[in-house]
Every structure is written in structure tokens, then in C-alpha cells.
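Work through the exercises below with the model open. Each task is followed by a stepwise solution.

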Amino acid sequence: MKAQRGDSLNRIGTLQDDSTTVPPITDFRYHSSFSSSIKKQPASAFFFIPCVQAYRQKLIENLSLDSQGRPFKIMVFRGSPKSSRKSIRFVDELRQEVAAIFEKDCKQTPYRCIPKGEKRVLDAPRLRNDYYSNIMSWGMNNMLAVALGHELYLWNSEDQAVHKLLQVRGGNDWPTSVTWSEDARTLAVGYMCSNLQLWDVESSKLIRSLQGHSGRIASTAWNGHILTSGSRDKSIINHDVRAANSLASCIKRHADEVCGLKWSTEGNRLASGGNENLLYIWEASKMSSSKFLHRLSDHCAAVKALAWCPYQNNVLASGGGLSDGCIKIWNTEKGICINNIETKAQICGLEWNRHHKEILSGHGYSIRENQNKLCLWRYPSMTKVGELGNHKSRIINLCQSPDGITVISAGADETLRFWDVFGPPTAGAGNSMVSDLQGLLSFRTSLLR
Amino acid sequence: MASRTVAKDIITLRGSAAIVSEFFGYAANSILYNRGVYPEESFAKVKKYGLPMLLTQDEGVKSFITNLTAQLSENEIVGKEWLEAGKLQRVVMVIMSKATKEVLERWNFSIETDSDVVEKGVSREKSDREIMREIQAIMRQIASSITYLPCLDEPCVFDVLAYTDTDVPVPFTWIESDPKLIANPQMVKLHSFDTKIHKVDTLVSYKNDEWDEQ
């Protein structure tokens, strides 16, 4: 086309981007702009010679003609800065960022083996076969607290010593939720009859009993000195455990039992999953007004499994129950689902691998696949890396060790199985977030070996 | 926006310049929306040319395009703005890959000005409705261009070039540039519109999609 040909002959004007290749010196057509091209090619000094200059001027005039024979010049608008935007397509940018970090990470980590068998199996008699309870927690003090029936045991992962912390008298009450505080000094225990207790484990003493709920407390989560509890009475209560009147805020948004509660790693956001299939994201500062940040209704079953991504701010993974079976990855900044995997099985727990970009899902019932299994997924591609599991019946809970290497699955077959699935631990070279976490942990090497 | 006397569709040079620069503003927004240069949610719908047109709400982009169209049609420090002086030959919107700065698409709007009008100050007649219909056709074509233009999967940025007569001094908001061409492009000519004073031709050239190679 005419216009095209005209254009290619008229490649003059100052070159704005260094990437444009400049043809060799002898090609007079292109070296018509003295001012800036001179700066780039010192060899073109000979153009300063007056007679050549006149010739070049003539050339410029004749060459800058468009298809109609009119001379022209080209300019680009630089009137005002365009980018007040952060993203073009936020999802794509997010994916790209993650892919870039992942690529970097990929080159550094050697090929890993997923263990075929469990490292250890502990007997867990009378472990209640209840999907909604969260009866296991592994504290920073390397103690695993697990509620078996009416009793609560502490298992020391260093010396495998077992210690019974408490036993509930009376047939109608039992612990339904167990969580260590972040510093592992206090253990929060939620009960069937709606009681919430704080235990000091050093002295094996009950410190406080917190009131507020009218139904069983199936989920609890700590955020510093705030203890958040979710109950069958559909409410979420934030307790400030330092204050005499502990009740900081009470949120009544869910339409059914609150079975999943997780605070983000920075402690600014809370994710709550309910039995009515909704997932709410809350801002820590706005909790007292019951104003949620996002209300996500993509799941078709109870949302119990929740886990915040350790290497990306504000990314949350949620897993749905039996009729859903989907792991959804959310950008909680914008409230959009950035990935969705159908596992076709009830998801009872999700754990992120801090050492490698992976996420582990624990499964219960399924009519098709992944029944009673643990599935490992690469992040962010969400391709299945492998599956493990020897549970004879469904998995109820998952938790991971403080050093992030071992995952325990509690099954309805009354066993606790330990899987060293997240190792080997990275030196923390690539991802600063991971190495920060490792720095925080006082138990760097796993003592279970 | 064309200044008209009652009952007659008279178009003056100023009116025509306004139509063209306004067209360019909407076309730029439409291209940014349809090609996905900016996220869909950052656009809002307005009614224009009898169509729902999308305008960006992003402050940076909004002011960029406003300043740009003002340059094309209104009186600037330059003295006589380009469209009214008939000095603007074309406006090109270039879409480049953010990462590599490779030019992926070029939306070329060539402008032919009736020199009689510029020199003698005469006015022409054309119905507003007619012009709007022509512009509408172009806007529709821009929107439907996504059916044949290759997908822009990566984040992109855009630039606007102006081809002017050589005697036009470069205003301080512009700098001289290279044409930012595409090597071996595919080209599609779209409809044009004519105000009888300015005739605007639209052409889109794009980088050949690898998949299309036979």
C-alpha cells in the first residue's frame, strides 16, 4: 500500500526509544536528524562538514514526503502522564508476577520427591467424625494439641511425650475447636455447649472462660491478642483477651454456622466461611460495624477450608464441601476469583507449602476421585503434583508443623498421619517472604527426623 | 458540536475541527476498551453517536486524552491549532507491548482538509445526522475489529502520534518521534467520515499473528 511505502522511506525524526536499530553510517537516508542521533553515534562526526550538511538538508526535504507528496513530521504526545493506573489487566499482572517469581524459584529448587508413605501414625481413639470441628492445632512451641472425644491431649513433637490437658465431664459437651495463640503461650478451646476457654499450657491451668456464643464453637482464629470465634449461632465474635470485658465486636452476617475462620498473615483481613456456602472477607479495622469487604458466593457447599497465601499478600485459598469440591484462589483486594480447581471431593483442609509454591488439600467424601486423600497442587498453575493418603475413611482436619515441612491429617479412621510433604526446606534465596518466615521460626530444622 | 444556523446544516472550520477531535477522543477510548489495554471495569458508558460509548474513568488516561484532543482542536500556545489550520495530516494511536515496547497495533486516522475552507474561510453544508451516521459506522467497526485482530494477551501501553506539516513548531507537550511502524503488518481499512471540510480515513494495521502463517 502506498502509505506504507511512504512511511518506510521516511524514518526520520528523533529516535525516542533506544531499541530502534539505527542503520549503518553510510546509509544517508536515515542519518538525517543531527541533534540526537549524533549523541548516539560518535562516528557520525563527519556530518558536521558544511557541504555534506547542505546535501543532507536537501535530502531531508525530499524524503519526508508522504504518499501525497506532502512533507510531514511526526511527533508523539507527552502531554500528561497516563499511568495513574497500577494495572492493565490486574489478573494478568498478578499472574505474570506470580509466574515470574515461580520461574525464578523453579530454577533454584531441585526436583523433589513426594513421600509415598506417612512418616508417623498416631492413634487417635474417639476422634469425633465431625466435618465442622477444627480439633487440631500445632503450636510454635512444637506441641500438637488435639481433641479426642471429651479429652484434649498435648503431644510434644520433640520427645513424643503425651500429656492430657483436660477432660470434659458430662456426656453432652466436648471440645469442637482448638487453636494455639501465635506465641503458643495460650491455647483456645471452643466447646459444643458454646463455651470458649483459654488455657495456659505451661501450668496446665484454665486462665479464662469467654462468653458470648449460644451455639457450638467450631472455628477459632488468633490475631495477636484478638481471638476470633465462629459459632453455630451464626455469629463471629472478636475477643480482646487482655481486656476484662473481652467482647470487642460481634458480627452477625452469616446465615448458618461459621465453620471456617482464618486471619491473614499480616492480620489485616479475616476470612470467614459458613455453612450457607458463603465466604466473607473482613477488614480488621471495620469489624465493629459488621461491614464486610467482600461477600463471595461462588461455592456451592460449606466453606470450611481457608488458607492465606504465605508468599502473596491478600491471596486466599478456599475449599468447598461435598457438593462443591472446588479450591478457589481469591484476590481479596478486589474480591475476584483468580483460579478455580475442581477436585470433585469434599475439602476439609488447605495448607500452603511455604518452602515451595504449592498448596495441599485434604479430602473427605467423594463419589468420584480423591476420596480420603491429600492432594498437592503446584501454585499458581494449579496442576496436580501428586496425591497421598492411606486413610481408611475421610480426612477431617489438616495442620502443618511450625517449620512448614510436615503436615498432619486427622482422619475419621481415628488416626493422625504425619506427612513430610512440604520439604526439603529452601534456603530462602529467592523469595524474601519465605526466608522472613523461616527467620521468625525458632525451630528451623525439623526435630522429627 | 458544529456551529450551525437555524434550519441549515452549515459547518464551519471550527465546528468541523471540533467534530474531528471529539471523534478522536471517543475512538481512542473505544480502542483502549475493545483491545483490552485497560480493564473493562475502569470504563463507564455514555450515549454518543447513537451508541453506548465507553469512556475511561482512570484519571491519568482521562486527562491524557482530554489534553490530546484539546491540542488537536482548541487554541493552544501554538497560535493556530492544527485541525483548524489544516496542518494536521494524521493521528496515529500506537499500541505496544508493555514489556518489550514492540508495536503490536497501529490505528491510523488520516485527515484531509479542504484547503479552500482554510484559506478562504468558506463554510460547507452537511447534515449533522449524516456525519453522526458515518462516525457511528466507524465506531461499530472499531468495536467489531476484535473479531479479526489478534489477541493482546500481554499488558500493553499506548502512544499517540501526530503527523503534521513540517512548518508546524513542535509544542511543548509533544516531542519529535519515529513513526513506530510494524514490520510486515496486516492492514484493514475501515470506513471514513467526511464533514465536507475534514475527511477522516481510518486504517488499522496489526502485527501478523503467528498462528495465521500458512
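**Exercise 1.** Decide whether His213(A) is buried or exposed in this predicted model, and list the polar contacts of its side chain.

Solution.
1. The relative accessible area of His213(A) is 9%. Buried means under 20%, so His213(A) is buried.
2. In chain A, the residue lies in the loop between β10 (205-210) and β11 (217-223).
3. Its side chain forms a polar contact of 2.8 Å with the side chain of Ser229(A) and another of 3.1 Å with that of Asp233(A).
4. Beyond neighbours within four places in sequence, the contacts of His213(A) include Ser194(A), Gly230(A) and Ile237(A).

**Exercise 2.** Carry out the analysis for His299(A): is this residue buried or exposed, and which side chains make polar contacts with its side chain?

Solution.
1. Relative accessibility is 4% for His299(A), so the residue counts as buried.
2. His299(A) sits in the chain A loop between β18 (294-296) and β19 (303-308).
3. Polar contacts link its side chain to those of Ser318(A) at 2.7 Å and Asp324(A) at 2.8 Å.
4. Residues up to four places away in sequence aside, His299(A) also touches others, among them Asn277(A), Cys326(A) and Lys328(A).

**Exercise 3.** In which sense do β2 and β3 of chain B pair, and over how many bridges?

Solution.
1. Strand β2 (residues 43-48) and strand β3 (residues 51-56) of chain B are antiparallel, with six bridges.
2. Within this pairing, Val46(B) is opposite Met53(B) of β3(B).
3. Two residues separate the strands of the hairpin, where Tyr49(B) has a positive phi near 55°.

Note on methods. Residues are numbered from 1 along each chain as its sequence is written. Chains are lettered from A and ligands numbered from 1 in the order in which they are written. This is a predicted model: local features need pLDDT of at least 70, side-chain atom pairs count only at pLDDT 80 or more; totals for chains, interfaces and linings use all residues. Side-chain values use heavy atoms; hydrogens and water are left out. Helices (H or I, at least four residues) and strands (E, at least two) are DSSP runs, numbered from the N terminus. Buried means under 20% relative accessible area, exposed over 50%, partly exposed in between (1.4 Å probe, protein chains only). A polar contact is a pair of N or O atoms within 3.5 Å; within protein, one must be able to donate a hydrogen and the other to accept it, and residues adjacent in sequence count only if both atoms are side-chain atoms. Contact means heavy atoms within 4.5 Å. Two strands pair if DSSP finds at least two bridges between them.
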